[in-house]
Amino acid sequence: MVSCSEKGRTERVLTVCPYCGTGCGLYLVVEDGRITGVEPDSLHPVNEGELCIKGYFGYQYIEDDRRLRSPLIKKDGKFTPVSWDEALNFAAARLAKIKQESGPDAFALFASARATNEENYVAQKFARAVMGTNNVDHCARL
Amino acid sequence: MTNSVPEIGQYSDVIFIIGSNTAECHPLIARQVIKAKERGAKLIVADPRLTEMANKADIWLRVPAGYNISLINGLLHIIVKENLYNSDFVQNHAEGFDEVARAVEDYTPAYVEKLTGIPQQDLVEAARFFGRAKNATILYCMGVTQFSYGTGNVVSLSNLAVVTGNMGRPGTGVNPLRGQNNVQGACDMGCLSNVLPGYLAVTDEKNRARFEKEWHVRLPSKPGLRIPEIGDAILNGRVRAAYVFGENPVMSDPDSSHLRHAFEHLDLLVVQDIFLTETARLAHVVLPAACWGEKEGTFTNTERRVQRVRKAVNPPGEARDDWWIFSALAQKMDYGRMNYLHPQEIWDEVRRLVPEKFGGISYDRLEKARGISWPCPAEDHPGTPFLYEGGKFATASGKANLRPVFFDPTRLPEEKVKQFKHALAGKITELPDEEYPFTLTTGRRGYHYHTGTMTRKSWPITQVTPQQLIEINPRDARKLGIEDGDFVKLSTRRGSIAAKAWVTERVPEKTVFTSFHFWEANVNELTINSTDPVACIPEFKVAAAKVEKITPAEFQAILQEKKKKYLVDLEEEVAGQSKSGRREAHV
């Protein structure tokens, strides 16, 4: 199921464009573990082998140097890289404290129209089952 | 969408596009429209701007921003008067036709022309095309929904489709073109404050019980806050902690300076994203996420088509899948029912809990298919490319509910509403006046996407569209002494931005247009947070504005202000702290 490219090999991974709601089918071209291009899926019933400029060139952000690579905590007003354990402990302790002091509805979650179904399902489950609130919404409202 | 995209190219013989800049915002759907036109289909476009689609239309109805209901009621008026409605469909599959027919009586072509400036002959011709079509389809977007009466706009479009019997067949329907890759899916998965996954209302005990059994908790029954309500809830102390993932609200939300101000008052802001966005810069904790191309899962497109997205490369550094982060945090908070190992497990939980919609959509089937449209209740069910087949609607009676809709730009037509059952009404919140004489309307550009977090990091895209432009009509520009490429300051009661003027006939007189792609001049500092009473969608599409010519030096001063405001240098600074390189192993 996972098809990561190994060194020296070129692979084409079938997926769906991450931009608008049209959901065009495309292949990511992977060389030596890096995405080097995009090809449209000619068998997809919506885009039938074509893409727009965002579909063709919009993937470049994946390899951008400014991608976040480490959890960060703002210490004395400055972002400091920390371990996952430290970041999650920090968030968990404060969320628990606020819930205890002010109740579950003192928490609000902005979910993501960009993330997968599975991630959004887990996000709302976190808000409802863990935090105990229906304060979960996302930009479909906008 | 009620119907699927390929049906447009294949079956529609009249296409009515309203409030959608399809060629720029959904280019591959626009391609299906062109395909239909090549077969001889007629294209009607209603838009204040001369978009590429308007340019290709057989009839372009230049409706002023905000006046959709007058236009649609006008079409219905002609369709009723000229007997172009589908009496069989209306009789057997709809309720409320007489009320709607009575409600549109006043909307004569002459009255609509007086309100909107649309020539009577064009309106009559458009109504005849639509009324006589074999398969007419309606495509709409944010130019219909983003109003304080967005629900009324959508209901009036649904009236038009039902009255003409254009529902429940291929190539027909009422079709919202959804803006984001998985906005449909995020809604389907229950990321709305009033519904659980599968649109099951949180207020219904039976719905909650379904999830309580699987999740082993008692669930809250009161609907939660909606996004436009959160800013005030923070400022009045009701909300103390916010968690934002994969969204950039300080750029994308209306009256964004107000929300930004609210976020600065939070006791805890957690932001989970792929870049240090304008919102992430305000956070107490930032969690790095894997992005598209680095993870497995599914997206659901605007047609309700659930499709597999696949991993091609490893995420950089310590970045992790969003589902992993939520699961790990839940475990830290002693919740034991979120110990997932793979997205497939999560999807199977969704299928188990909402079998009526997703039960038949397995990862195995998605390996072979180019997606499956829900509802798909069983593994041997083919999915549902179009809804309401045979005119059976998802209402208690099984019939479509028609509702009268009224509009008056200046004041709510309340006395009209009282004369009808279940009527809706709208008015524009902020009309132009002496101080703010322009109508500001907003949207996207073809080459960029939303707040620019992703597309501004692609060099071919930034080369084509490097900066913000403010569209202004040549006659207005002349009066203000503005030439194409001059710097202008655009202001509303909420704030000011500055950018270059694009003097163009694309916008009508007294209307200006710009986008929300650029922090340098983010139009959402100017938009108004006035919301629809049903859907709570804000009125992004109309605000009163003024335009002033400024000098290059004045522009530079404003730019420096914005740079400080959005903490622009922080992104590079933080990126410099951590080493580059991708993770070696799989998550």
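**Figure 1. Overall contact of chain A with chain B.**
In this predicted model, the interface brings 125 residues of chain B into contact with 99 residues of chain A. On the side of chain B that touches chain A, helix α17 of chain B (residues 322-332) gives the most, with eight residues. That side of chain B consists of 72 nonpolar, 29 polar and 24 charged residues.

**Figure 2. Helix α3 of chain A against helix α17 of chain B.**
The axes of α3(A) and α17(B) come within 8 Å and cross at roughly 20°. Angles under 35 degrees count as roughly parallel, and α3(A) and α17(B) are therefore roughly parallel to each other. The crossing of α3(A) past α17(B) is left-handed. From α3(A), the contact takes in Glu118(A), Glu119(A), Val122(A), Ala123(A), Phe126(A) and Val130(A). From α17(B), the residues are Asp322(B), Trp323(B), Phe326(B), Ser327(B), Leu329(B) and Ala330(B). Sorted by class, the contact of α3(A) with α17(B) has eight nonpolar, one polar and three charged residues.

**Figure 3. Helix α3 of chain A against helix α18 of chain B.**
Helix α3 of chain A (residues 117-131) also meets helix α18 of chain B (residues 343-353); their axes come within 9 Å and cross at roughly 65°. That angle makes α3(A) roughly perpendicular to α18(B). The crossing of α3(A) past α18(B) is left-handed. Asn117(A), Glu118(A), Tyr121(A) and Val122(A) of α3(A) meet Pro343(B), Ile346(B), Trp347(B) and Val350(B) of α18(B). Six residues of this contact are nonpolar, one is polar and one is charged. Glu118(A) and Val122(A) take part in the contact with α18(B), and Glu118(A) and Val122(A) take part in the contact with α17(B) as well.

**Figure 4. Strand pairing between the chains.**
Ile73(A) has Val285(B) in β11(B) as its bridge partner.

**Figure 5. The three-stranded sheet of chain A.**
Chain A contains an open sheet of three strands in the order β1-β2-β3, with antiparallel pairing. Its edge strands are β1(A) (10-16) and β3(A) (34-40), each of which pairs on one side only. From one strand to the next the twist averages 30°. Strand β1(A) is joined to β2(A) (residues 25-31) by seven bridges. Along this pair, Arg12(A) stands opposite Val29(A), and Val13(A) stands opposite Leu28(A). In a regular strand the side chains alternate between the two faces of the sheet.

**Figure 6. The hairpin of β2 and β3 in chain A.**
Strands β2(A) and β3(A) run antiparallel and are joined by six bridges. They form a hairpin with two residues between them. In the turn, Asp32(A) has a positive phi of about 50°. Glu31(A) has Arg34(A) in β3(A) as its bridge partner.

**Figure 7. Domains 1 and 3 of chain B.**
The domain assignment of chain B gives domain 1 (6-177), domain 2 (183-373) and domain 3 (438-577). The C-alpha centres of domain 1 and domain 3 of chain B lie 30 Å apart. In this contact, 18 residues of domain 1 of chain B touch 23 residues of domain 3 of chain B. On the domain 1 side, α2 (22-25), α10 (142-145) and α11 (150-163) of chain B each supply at least two residues. Helix α10(B) gives the most to that side, with three residues. The domain 1 side that touches domain 3 has seven nonpolar, eight polar and three charged residues.

**Figure 8. Helices α5 and α11 of chain B.**
Helix α5 of chain B (residues 68-81) packs with α11(B) at an angle of about 20°, with their axes 9 Å apart. The two helices, α5(B) and α11(B), are therefore roughly parallel to each other. Their crossing is left-handed. The residues of α5(B) in this contact are Asn68(B), Ile69(B), Ile72(B), Asn73(B), Leu75(B), Leu76(B) and Ile79(B). The residues of α11(B) that they meet are Gly152(B), Asn153(B), Ser156(B), Leu157(B), Asn159(B), Leu160(B) and Val163(B). By class, the contact of α5(B) with α11(B) has eight nonpolar, six polar and no charged residues.

Conventions. Residues are numbered from 1 along each chain as its sequence is written. Chains are lettered from A and ligands numbered from 1 in the order in which they are written. This is a predicted model: local features need pLDDT of at least 70, side-chain atom pairs count only at pLDDT 80 or more; totals for chains, interfaces and linings use all residues. Two residues are in contact if their C-beta atoms, placed from the backbone, lie within 7 Å. Helices (H or I, at least four residues) and strands (E, at least two) are DSSP runs, numbered from the N terminus. Ala, Val, Leu, Ile, Met, Phe, Trp, Tyr, Cys and Pro count as nonpolar, Asp, Glu, Lys and Arg as charged, and the others, Gly among them, as polar. Two strands pair if DSSP finds at least two bridges between them. Axes are lines fitted to C-alpha atoms, for helices over the stretch in contact, and angles run from 0 to 180 degrees between N-to-C directions. Angles under 35 degrees count as roughly parallel, over 145 as roughly antiparallel, 65 to 115 as roughly perpendicular and the rest as oblique. A crossing is left-handed if the near helix is turned anticlockwise from the far one by less than a right angle, and right-handed if clockwise. Domain bounds come from an automatic or database domain assignment.
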